[in-house]
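Open your viewer and keep the sequence panel beside it. We will go from stop to stop, selecting a few residues each time and looking at what is there.

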Amino acid sequence: MAVSGEPGPLGSAVDDLLRAALARTLGAGEGGASMHVAFLMFITHAMLGLLCCVAVFLTSKLLSPIVFRSVLSKLAPFEQKIWHTNMVTFFPTFAVTYFALPAILDHAGARYSFVEPASANTLKACGMSLGYMTWDLGVLIFDARDQMRAYGGVLPYILFLFHHTLSIVAWPYAVCAGRCVYFVNFFLVSEVTNFNMSLRWFLLTAKKESGSLYMVNGLLWIPLFFAVRVAVIPRLVDEYWNGDWAQLGPVETMTARAMLPIPVMLNVYWMGLIASGALKFLKTGSTEEAPAGLEKKGN
């Protein structure tokens with residue numbers, strides 16, 4: 001196993017409860033013990049990520065009416081609610097990237113291999129990311145009507161429902177069992193582009209799109225999005241096309257073949273929308289045709 005046990009971020013009492021639950025669920029033995037270590041590291045950081053999302057949301061509810069009083073006073077009630085939930089989108093930019101970037105830089109797995117243990121940084125980054133996605137999925141489900149309005153329609157809303165659900169289902173197994181870790185690392189580090197997307201939404205909502213900060217944010221967002229989400233696609237396609245699929249079981253192979261291309265295709269689609277929106281803005285100064293839902297949250 002690539003990681004060794006270490007105290008979890010929520011304390012020894014939580015670690016002990018989770019270890020007992022995992023022992024009953026996964027059983028004993030060498031393989032079970034290895035899965036215990038990985039899953040414990042993942043799930044404790046997922047729980048921490050979820051708690052941090054709640055904390056950011058409550059902090060915004062408390063401080064935003066004071067700090068951004070003039071802006072919030074002009075917003076409709078549903079927009080004020082979206083303001084607070086969108087504050088949470090800044091969280092994965094920093095928390096996930098903090099672990100995901102060194103996970104990529106330190107990656108030493110064999111080329112074209114689908115099976116390798118996830119590093120501690122990968123497990124932590126994945127936990128933080130899925131803690132956020134669990135929070136956001138809850139928001140999507142329990143505030144469906146206003147979330148659809150914020151996303152700009154039913155289709156973008158459904159897209160993110162599927163995005164979050166599939167990630168929550170597939171990624172824990174991938175990182176804890178050591179499957180397709182190379183791909184997951186790149187998907188995780190793409191969270192860094194959330195900052196520009198989220199800031200763009202707040203600037204638009206505050207009617208600051210004519211200011212220099214909006215222009216600078218957009219100019220930085222486009223190359224960052226391209227570098228992190230698009231420029232890496234040839235490497236990912238190479239690993240996918242030439243990978244040793246014999247390492248995976250039948251169900252793993254079918255799942256990986258179907259799911260790994262999805263983030264790649266979404267990133268190409270979103271890059272096209274961003275580029276077309278940027279060209280329109282430079283030509284006309286209009287922001288009306290911004291990518292539907294993309295300025296609300298990226299992932």
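Start by selecting residues 154-177, which form helix α8, and residues 181-189, which form helix α9. Helices here are DSSP runs of H or I with at least four residues, while strands are runs of E with at least two, and both are numbered from the N terminus. Two packed helices are described by the angle between their axes and the distance between the axes. For α8 and α9, the angle is about 125 degrees and the axes lie 10 Å apart. Each axis is a line fitted to C-alpha atoms over the stretch in contact, and angles run from 0 to 180 degrees between N-to-C directions. The two helices are therefore oblique to each other; angles under 35 degrees count as roughly parallel, over 145 as roughly antiparallel, 65 to 115 as roughly perpendicular and the rest as oblique.

Before moving on, note that this is a predicted model, where local features need pLDDT of at least 70 and side-chain atom pairs count only at pLDDT 80 or more, while totals for chains, interfaces and linings use all residues. Residues are numbered from 1 along each chain as its sequence is written, and side-chain values use heavy atoms, with hydrogens and water left out.

Now show the side chains where α8 and α9 touch. Which residues make the contact? From α8 come W171, A174 and V175, and from α9 come V181, V184, F187 and L188. Contact means heavy atoms within 4.5 Å. The residues of this contact are seven nonpolar, no polar and no charged. Here Ala, Val, Leu, Ile, Met, Phe, Trp, Tyr, Cys and Pro count as nonpolar, Asp, Glu, Lys and Arg as charged, and the others, Gly among them, as polar.

Keep α9 selected. Is α9 mostly covered or mostly open? It is mostly covered, with nine of its nine residues buried. Buried means under 20% relative accessible area, exposed over 50%, and partly exposed in between, using a 1.4 Å probe and protein chains only. Among the buried residues of α9 are Y182, N185 and F186.

Go back to the loop between α8 and α9 and select C180. Most residues other than glycine have a negative phi. C180 has a positive phi of about 55 degrees although it is not a glycine. With a relative accessibility of 9%, C180 counts as buried.

For a second case, select Y112, in the loop between α5 (90-105) and α6 (120-142). Y112 also has a positive phi, about 70 degrees, and it is not a glycine. Y112 is partly exposed, with a relative accessible area of 25%.

Finally, zoom out to the protein chain. How many helices and strands are there? The chain has 14 helices and zero strands. Of its 299 residues, 48% count as buried.
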